[in-house]
Amino acid sequence: MLEGPVLSLAEGEGRNAVYLATLGLNVLGVDSSDVGLAKAQQLAKARNVEIETEVADLATFEPRANHYGAVVSIWAHMPTAMRTRLCPLIEQCLKPGGLVLLEAYSENQLKYGTGGPKDRDMLMTREKVTEAFPNLEAVLLIEAEREILEGKFHNGLSSVIHYIGRRPI
C-alpha cells in the first residue's frame, strides 16, 4: 500500500503528483523547471487537490531523511554520477517500509527510437537499478516492452524498466 508523504522526482507538469493527490496523499513534486511546476499547480487547482512543489536540481537536491512513505521516479533519467549521489539519499529519505516506484526507459530503448534519452548512460537496466538501491528489497524488477502514448516525443512500442523497492522495517 502506498503511504505518504510522497516525493515525486522530475515532476514536470504535475500529472503524477496530481494523480497521487487525488488518492488523498500529500505530495511534494520536485523539478528543475519553475514553468513546469507552475503548470503542475494549475493542474492541481483544476482537479481540486493540493500539491507542494519545489524547484530543485536533482544533481544537488537533498530530500529530508526518514520522512517519505514513497518516492516516485517516472521518467527521471539521470547520468550515473547523479544517480550515484542521489539514490543513497532516496534510500535514506524513506521511512521504514517506504517504497520507491520507478519507471524508466531501458538501454534496449535505443533500438526503438520512440522516446527517452539517446545517451545509454541515462537509460536503465535491472543491474543499474539494483546497484542504485542496494539497501532496498526488490518487490518488482522487470524489463518489459509496452506501448507508450505520452505525446509527440514518447509514442510507440518501448522498452522500460519497472521497479518497486521497499526499505526494510
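Okay, let's start with helix 1, which gives the most to the lining of the second largest pocket: four residues. Before I go on, this is a predicted model, where local features need pLDDT of at least 70, side-chain atom pairs count only at pLDDT 80 or more, and totals for chains, interfaces and linings use all residues. Residues are numbered from 1 along each chain as its sequence is written, and side-chain values use heavy atoms, with hydrogens and water left out.

Some terms. Helices (H or I, at least four residues) and strands (E, at least two) are DSSP runs, numbered from the N terminus. On a 1 Å grid over the protein atoms alone, a pocket is an open set of points with protein on both sides within 12 Å along at least five of seven lines, while a cavity is a set where a 1.4 Å probe fits but cannot get out; lining residues have an atom within 4 Å of a point. Points are joined across faces, edges and corners, and volume is the space filled by probe spheres set on them.

So, that pocket. Its volume is about 200 Å³, and 14 residues line it, with N16, L20, V72, I74 and L101 nearest the centre. Besides helix 1 (15–22), strand 4, strand 5 and strand 7 (155–166) each give two or more residues. By class, that's 10 nonpolar, two polar and two charged. Here Ala, Val, Leu, Ile, Met, Phe, Trp, Tyr, Cys and Pro are nonpolar, Asp, Glu, Lys and Arg charged, and the others, Gly among them, polar.

Strand 4 (68–74), helix 3 (80–93) and strand 5 (94–105) each supply two or more of the lining residues. That lining splits into 13 nonpolar, two polar and one charged.

Zooming out, we've got four helices and seven strands, running β-α-β-α-β-β-α-β-α-β-β along the sequence. The radius of gyration (over C-alpha atoms) is 15 Å, close to the 15 Å that the globule rule (2.2 Å times the number of residues to the power 0.38) gives for 169 residues, so the chain is as compact as a globular protein of that length. Finally, 45% of the 169 residues count as buried, meaning under 20% relative accessible area with a 1.4 Å probe, protein chains only.

Conventions
Buried means under 20% relative accessible area, exposed over 50%, partly exposed in between (1.4 Å probe, protein chains only).
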